[in-house]
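The points are grouped by topic.

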Amino acid sequence: MLQFDSLYSPYHSKRTTTVANQGMVATSQPLAAQVGLDMMKKGGNAIDAAIAAAATLTVVEPTSNGIGGDAFALVWTKGKLHGLNGSGPAPQSISIDKVKAQGYDEMPTHGWVPVTVPGVPSAWAELSDRFGNLSFKDLLEPAIHYAEKGFPISPTLGKFWRATYEAFRQKLTNEAFTSWFETFAPNGRAPYVGEVWGSADMAQTLQSIANTKGVAFYKGDIADQIASFSEQYGGYLLKEDLANYSPEWVDPISIQYKGYDVWEIPPNGQGLIALQALNILKGYEITEKESVDTYHKQMEAMKLAFTDGKSYITEEMNMSVSVKRLLSEEYAEERRKLIGHNAITPEAGTPPKGGTVYLATADNEGNMVSFIQSNYMGFGSGLVVPGTGIALQNRGHSFSLNPHHDNALAGGKRTYHTIIPGFLTKGNEAVGPFGVMGGFMQPQGHLQVMMNTIDFNMNPQSALDAPRWQWLEKKKIIVEPTFPSHIAEALTRKGHQIQVELETGSFGRGQIIWRDPNTGTLYGGTESRTDGTIAAY
């Protein structure tokens with residue numbers, strides 16, 4: 001057999017924009033993209049394709065998402081944009097006092113404390129019921145197949161899987177985490193690139209979800225298994241928390257940006273941050289991308305928006321400042337005045353890294369979907385429900401244990417959420433779905449991709465390939481290795497603390513599909529920083 005390193009790329013590899021007109025699916029995994037396209041060829045629409053691809057991604061990219069995570073979607077159909085919030089709340093029985101009584105000063109990363117109600121299975125079923133053409137069973141069949149028969153590990157997936165295993169091996173020594181190692185490291189290690197991995201337990205779980213349209217997960221046998229596991233190890237999640245859950249249809253929020261409307265899901269998601277930063281930046285005449293002044297203004301606007309987002313974003317009903325106020329022209333002007341010649345230090349927390357999958361679909365009827373789902377921080381809580389293959393998310397880690405903070409932990413409350421699907425329209429026409437996954441990089445990725453598209457007229461592939469920057473805290477900015485060094489040096493002279501990051505995994509992974517309203521032709525870009533691909537016909 002040939003011997004080579006699948007992750008070693010000594011030469012620049014050019015990707016071009018994918019063009020088609022019957023259907024397109026852009027995901028971070030080739031197998032999932034093909035599954036979505038297969039559904040369209042069977043008579044399914046873009047919504048069917050998104051559900052099938054999303055279900056498959058829980059199997060073929062478990063390092064970033066899973067059945068036990070959350071999901072959000074923006075769906076364009078029949079000339080209207082619909083929003084679905086598929087994030088689950090904290091268990092009703094949890095409280096700040098109880099968590100502090102366990103010895104925590106802040107929400108932990110792993111274990112039962114940060115586990116919230118999973119929204120993924122219910123979101124799939126809700127999308128299928130409202131907009132799908134094919135049967136729900138058909139949509140989950142490919143995911144069941146890959147879980148049962150297995151699939152070969154792709155390069156980027158293998159890298160992150162190995163890194164997580166090594167970290168978990170050192171940290172997660174409690175008996176409660178045994179099932180994670182049995183499921184995702186069955187040979188006492190992470191699977192190698194090219195090695196076949198599958199999970200019969202996950203296949204059985206997906207089959208049960210398929211047969212019952214998710215009811216088994218929230219009110220049946222799977223719910224019993226989750227609740228029993230929680231009770232065994234002192235978790236707060238009860239069967240009643242699962243039984244009472246349903247996703248929420250919401251009205252997307254937007255701003256007008258230089259002739260376009262940029263859309264996001266409203267809080268509890270952080271899409272508000274991307275919109276607020278763009279709202280600040282639209283007050284400037286920005287024409288040149290590779291300019292010190294352009295990067296400086298982008299970075300300063302993002303810092304200001306994040307300062308507000310980390311202070312106020314939570315369940316919308318619990319926000320002390322309204323979305324309307326944060327996105328008002330008056331407030332944008334007020335924040336814009338703070339941007340001067342040199343870098344400022346806003347008051348904001350240190351954004352942690354995250355793990356998420358984003359996908360975009362479009363069909364020949366004009367339907368388009370922007371879909372994102374996540375376990376948060378890679379594999380999530382480190383807990384796998386025994387006998388199910390379900391890795392539970394740790395989304396509750398985002399809650400504050402300060403009772404006076406807008407995002408203070410409370411039973412039945414949804415926390416600040418990092419995963420955000422995006423959508424672009426112009427007038428009454430859809431331009432298309434876009435997204436950049438990756439924890440607190442996501443609104444920063446949205447801003448950069450939107451400006452690459454609108455301000456700098458980049459095609460979707462180039463808009464994604466362009467070198468990225470990421471604000472971390474105070475004046476600290478990390479940039480990719482291909483970021484122009486002369487601009488990095490000039491930004492340093494403005495007071496920015498620029499650091500070149502050799503590992504590009506933290507800079508997000510995105511997908512874009514744009515549609516020409518006159519011809520119906522689809523133009524897609526996929527992420528070169530991961531195993532991304534586009535399936536089209």
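A cavity is a set of grid points where a 1.4 Å probe fits but cannot get out, and its lining residues have an atom within 4 Å of such a point. The model described here is predicted. It holds 2 cavities of 30 Å³ or more, a largest pocket of about 970 Å³ and 19 salt bridges.

**Cavities**

- The largest cavity has a volume of about 90 Å³.
- Its lining consists of Lys289, Thr294, Tyr295, Gln298, Gln448, Asn452, Phe456, Ala463, Ala466, Pro467, Arg468 and Trp469.
- H13 and H16 are the elements that give two or more residues to the lining of the largest cavity, and H13 gives the most, with 3 residues.
- By class, the lining of the largest cavity divides into 6 nonpolar, 4 polar and 2 charged residues.
- The second largest cavity holds about 50 Å³ of space.
- Around the second largest cavity lie Thr58, Pro62, Asn65, Gly66, Ile67, Phe184, Met202, Asn375, Gly389, Ile390 and Ala391 as lining residues.
- The lining of the second largest cavity has 6 nonpolar and 5 polar residues, with no charged residues.

**Largest pocket**

- The largest pocket, with a volume of about 970 Å³, is lined by 26 residues, of which Ser9, Ser13, Thr504, Ser528 and Arg529 are the closest to its centre.
- Two or more residues of this lining come from each of H6 and helix H17 (460-465).
- The element that gives the most to the lining of the largest pocket is H6, with 3 residues.
- The lining of the largest pocket comprises 8 nonpolar, 10 polar and 8 charged residues.

**Nonpolar cores**

- The largest nonpolar core has 83 residues, and those with the most contacts inside it are Val59, Trp124, Leu140, Phe184, Leu206, Phe217 and Phe371.
- Helix H2 (residues 46-60) gives the most to this core, with 12 residues.
- Another core, of 53 residues, lies apart from the largest one and includes Met319, Tyr331, Tyr376 and Met451.
- Leu206 of the largest core touches Thr58, Val59, Ile67, Trp124, Leu140, Ala143, Ile144 and Ala147, with residues up to four places away in sequence not counted.
- Phe184 is named both among the residues with the most contacts in the largest core and in the lining of the second largest cavity.

**Helix H12**

- Helix H12 (residues 271-281) is largely enclosed by the rest of the structure, because 11 of its 11 residues are buried.
- The buried residues of H12 are Gly271, Leu272, Ile273, Ala274, Leu275, Gln276, Ala277, Leu278, Asn279, Ile280 and Leu281.
- These buried residues of H12 pack against strands E8 (253-257) and E9 (260-264), and against helices H13 (292-312), H14 (323-326), H15 and H16 (442-454).

**Salt bridges**

- Arg169 and Glu166 form a salt bridge through their side chains, at 2.6 Å from N to O.
- Arg169 and Glu166 are separated by about one helical turn, because they stand 3 residues apart in helix H6 (residues 155-171).
- An α-helix has 3.6 residues a turn, so residues three or four places apart point the same way.
- Arg169 counts as partly exposed, at 41% relative accessibility, and Glu166 also counts as partly exposed, at 35%.
- The side chains of Arg325 and Glu334 meet at 3.6 Å, N to O, in a salt bridge.
- Arg325 is partly exposed at 37% relative accessibility, and Glu334 is partly exposed at 43%.
- A salt bridge of 2.4 Å, N to O, joins the side chains of Glu333 and Arg336.
- Glu333 and Arg336 lie 3 residues apart in helix H15 (residues 329-336), so about one helical turn separates them.
- Within this pair, Glu333 is partly exposed, with a relative accessible area of 35%, whereas Arg336 is buried, at 12% relative accessibility.

Note on methods
Residues numbered from 1 in each chain as written. Predicted model: local features only at pLDDT ≥ 70, side-chain atom pairs only at ≥ 80, totals over all residues. Heavy atoms only, no water. Salt bridge = Lys/Arg side-chain N within 4 Å of Asp/Glu carboxyl O. Helix = DSSP H or I, 4+ residues; strand = E, 2+ residues; numbered from the N terminus. Buried < 20%, exposed > 50% of the residue type's maximum accessible area, 1.4 Å probe, protein only. 1 Å grid on protein atoms, 1.4 Å probe; cavity = no way out; pocket = protein on both sides within 12 Å on 5 of 7 lines; lining within 4 Å. Points joined across faces, edges and corners; volume = space filled by probe spheres on them. Nonpolar A, V, L, I, M, F, W, Y, C, P; charged D, E, K, R; others polar. Core = buried A, V, L, I, M, F, W, Y, C linked by side-chain atoms within 4.5 Å. Contact = heavy atoms within 4.5 Å.
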